[in-house]
Amino acid sequence: MPAIVTRAETLSVVIPCHNEEAFIGPCLDALAAQTDDLHEIIVVDNNSTDRTAAIVRGYMKSNPKITLLLERTPGVAHARNAGFRAASGDVLGRIDADTRVRPGWARAVLDFLSTDGAHVGGVTGLNLPYDSPVRSLKAWWFGRQLRKGTVGGGRPVTNLHGANMAIRRAAWREIEHRVSTDARIHEDLDLALCLGEAHIALAQLTEMNVDVSPRRALTPPSQFSEYIQCGIETFELHDAMTEQRRKALRLHWWWHILVFAVYRPYDPARQRYSLRYLFSPVRSRMLPVNNGASSAVAAEAATRVS
């Protein structure tokens, strides 16, 4: 489609943030290592009450490509949208604050969209968890799947991973009016489904690698069931729910129980299992569908923070 056959010379990266003082520094360090291939880095502060904004301002002093945007309307989708609208690159990257892009990440995106993926409107990549007892196992599994051709390689996909994705700005402009900002909707899946409905192709790249925090694995299964339900509601919003997808989502919930059991007693600081850590308070991640959902902050326009 004409909307996606555009140049891919500059890449903007948008990072929605809500109380990410423990993660935003390493995230920006990883991006700063490849700023030669980045047009700009836009951190969108979504009502943080910790030192997230202060840390970003500190990075801004030494890196002029980093800017801070304030979006007061609570929710990941609102923060992402504000960042995408402010970005001026040909391609709009989107990662999480706990994402650490691997060397060559930005170049892989631009090279693919300028050559073999000239017909593609969005890309996503692969990830490995850091501070994880199963990192080596997942790396082995990915290696096996790569050899079989079932992941990566520019293969067509129908979803985008919010912690590791990029779309052409022209593609965003075409579907911007379609995306949902409902707190019950998975914003990355909703975005991918909107792109699919516009017949904009998506691809998964081998070289678009990131490391991510496994903190969502510590979400108690009782809370994770809400996350699964929101996935169902996202597919239903697009009249795309099938029995196969419903079964896959149920399986994801049962799989999470196993993952939770594996991670719960693991102490990432000491990189070993610990009975003491097992009985410590659960350090779960706030799910995206809960982020700011009950906030009483009034909605107002996103404003540049100097």
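**View 1. Crossing of helices H3 and H7.** In this predicted model, helix H3 (residues 76-86) and helix H7 (residues 187-197) have axes that come within 10 Å and cross at roughly 55°. H3 is therefore oblique to H7. On the H3 side, the contact is made by Val-76, Ala-77, Arg-80 and Phe-84. On the H7 side, Glu-187, Asp-188 and Leu-191 take part. Two packed helices are described by the angle between their axes and the distance between the axes.

**View 2. Burial of helix H3.** Eight of the 11 residues of H3 are buried, so the helix is largely enclosed by the rest of the structure. The buried residues of H3 are Val-76, Ala-77, Ala-79, Arg-80, Asn-81, Ala-82, Gly-83 and Phe-84. Among them, Val-76, Ala-77, Arg-80 and Phe-84 also make the contact with H7.

View 3. Leu-137, Trp-140 and Trp-141 form a nonpolar patch on the surface. Together these residues have about 360 Å² of accessible area. Trp-141 lies in helix H5, which spans residues 135-148. Trp-141 counts as partly exposed because its relative accessibility is 39%, and partly exposed residues fall between the 20% limit for buried and the 50% limit for exposed.

**View 4. Ser-136 in helix H5.** Ser-136 lies in helix H5. The relative accessible area of Ser-136 is 62%, so this residue is exposed. Gln-34 is 102 residues from Ser-136 along the chain, and the C-alpha atoms of Gln-34 and Ser-136 are separated by 25 Å.

Methods. Residues are numbered from 1 along each chain as its sequence is written. This is a predicted model: local features need pLDDT of at least 70, side-chain atom pairs count only at pLDDT 80 or more; totals for chains, interfaces and linings use all residues. Side-chain values use heavy atoms; hydrogens and water are left out. Patches are made of residues with over 30% relative accessible area and no salt bridge: like charges are joined within 9 Å, nonpolar side chains (Val, Leu, Ile, Met, Phe, Trp, Tyr) within 5 Å. Accessible areas come from the Shrake-Rupley method with a 1.4 Å probe; for residues, only the protein chains shown count as cover. A salt bridge is a side-chain nitrogen of Lys or Arg within 4 Å of a carboxyl oxygen of Asp or Glu. Helices (H or I, at least four residues) and strands (E, at least two) are DSSP runs, numbered from the N terminus. Buried means under 20% relative accessible area, exposed over 50%, partly exposed in between (1.4 Å probe, protein chains only). Axes are lines fitted to C-alpha atoms, for helices over the stretch in contact, and angles run from 0 to 180 degrees between N-to-C directions. Angles under 35 degrees count as roughly parallel, over 145 as roughly antiparallel, 65 to 115 as roughly perpendicular and the rest as oblique. Contact means heavy atoms within 4.5 Å.
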